[in-house]
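Trainee: I would like to go through this model with you. Can we take it residue by residue?

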Amino acid sequence: MKKILVSIMLVGLIFALSIVVLAEEEKTYPRGNTVRTKPLLNDEAGLVDPEFGEAMGRELAELSKRHLVDIAVVTVTSLDGKEAMQYAMEYFNEYGMGFGADDDGVLLLLCPEERDFAVITHNYARYAISDSEKGPDRLMRDVLKALKKDDYEKAIKTYAVTAARMLELARQNKRYTEGSTLYPEQNRLYGTPIFGAIFAVIGGFIKIRKEKDKLGKIKPKEDIVYYIPPASVAVQNLSEVLVDVKESRRKIYVQSSSSSSHSSSSSSSHSSGGRSFGGTSGKY
């Protein structure tokens, strides 16, 4: 009996030690020659509720492991005089961001004090969220809508879901291309000829009904003058006389690219620490 109890205790001890080791491995999360020393959601600016931050951090870790690409977020109170894109790249390099031997990763940087944002992509994430296909702009499209309302929790959640979806499509050889949808399966029914015919019939019926209602409101006139089209009576011996001249002026405003609320730099490559990054940055 004692041998059985000792065996059970040893098994329990080994199991407990394995949990500690796994927890430590998750904390440092080795990849390639670097070790990530910051969490995937690093809310230095305190933009989200701590409870949301913990849950979102776990979700980012799960998505990162599933897609083998770090999906990370950092919020800061200041850019220390740097451009948002440069700050994000230096942060990525300094704190060992990126998954696996190639440090695949996508990082969202937010600075609420200056209303600056940047999203950068590295290695596989740069392929999946391609600059040439306006991938970073598509990634940020719905994120910016939430940021402009200062809804940071929704913005971060939207960023994580959208980035994961774009990575998933790339793994399926359906990489996002400019103008395409992230959920093509939802358009299969709407794109069928049967569905189009149904919409055409319904639309035609509504239009006919509206025209019929308009005709029903017309009442016949007893006086013939009502049936004479305007300007149908010709006047003879006309002469043209200049009566008056009026001059009016109005300003025409031309919006320059520098006045845009979202200035994108996604068309060019960026480098830091000997690495090349893709991405975009701007104001929100």
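Trainee: Is D103 buried or exposed?

Mentor: This is a predicted model, where local features need pLDDT of at least 70, side-chain atom pairs count only at pLDDT 80 or more, and totals for chains, interfaces and linings use all residues. Residues are numbered from 1 along each chain as its sequence is written, and side-chain values use heavy atoms, with hydrogens and water left out. Buried means under 20% relative accessible area, exposed over 50%, and partly exposed in between (1.4 Å probe, protein chains only). D103 has a relative accessible area of 5%, so D103 is buried.

Trainee: Which residue forms a salt bridge with D103?

Mentor: Side chains of opposite charge can pair when their charged atoms come close. A salt bridge is a side-chain nitrogen of Lys or Arg within 4 Å of a carboxyl oxygen of Asp or Glu. Here the closest N and O atoms are 2.4 Å apart, and the partner of D103 is R275.

Trainee: How many residues apart in sequence are the parts that R275 and D103 tie together?

Mentor: Helices (H or I, at least four residues) and strands (E, at least two) are DSSP runs, numbered from the N terminus. R275 lies in strand β8 (residues 275–283). D103 sits in the loop between α3 (84–94) and β5 (105–111), so the pair ties together parts whose separation in sequence is 172 residues.

Trainee: What is the N to O distance between K82 and E90?

Mentor: K82 is partly exposed at 35% relative accessibility, and E90 is partly exposed at 27%. Their side chains meet in a salt bridge, with an N to O distance of 2.5 Å.

Trainee: Why are D142 and K145 separated by about one helical turn?

Mentor: Both residues belong to helix α5 (residues 135–147). D142 is partly exposed at 25%, while K145 is exposed at 51%. The separation is about one helical turn because D142 and K145 are three residues apart in the helix.

Trainee: Which residues are linked with D142 and K145 in a network of salt bridges?

Mentor: One member, R138, is in helix α5 and is buried, with a relative accessible area of 13%. The network links D142 and K145 with R138 and R141.

Trainee: Which residues does R138 touch, not counting residues up to four places away in sequence?

Mentor: Contact means heavy atoms within 4.5 Å. With residues up to four places away not counted, R138 touches T162, M166, Y176 and L182.

Trainee: How do α2 and α6 lie to each other, roughly parallel or roughly perpendicular?

Mentor: Axes are lines fitted to C-alpha atoms, for helices over the stretch in contact, and angles run from 0 to 180 degrees between N-to-C directions. The axes of α2 and helix α6 (residues 152–171) come within 11 Å and cross at roughly 10°. Angles under 35 degrees count as roughly parallel, over 145 as roughly antiparallel, 65 to 115 as roughly perpendicular and the rest as oblique. The two helices are therefore roughly parallel.

Trainee: Which residues is H67 in contact with, leaving aside neighbours within four places in sequence?

Mentor: H67 is in helix α2 (residues 50–67). H67 is buried, with a relative accessible area of 8%. Leaving those neighbours aside, its contacts are A164, L167, E168 and R171.

Trainee: What is the mean pLDDT of the protein chain?

Mentor: pLDDT is the predictor's confidence in each residue, from 0 to 100. In this chain, 58% of residues reach 70 or more. Over residues 13–33 the pLDDT is below 50, and over residues 250–267 it stays under 50. The chain mean is 77.
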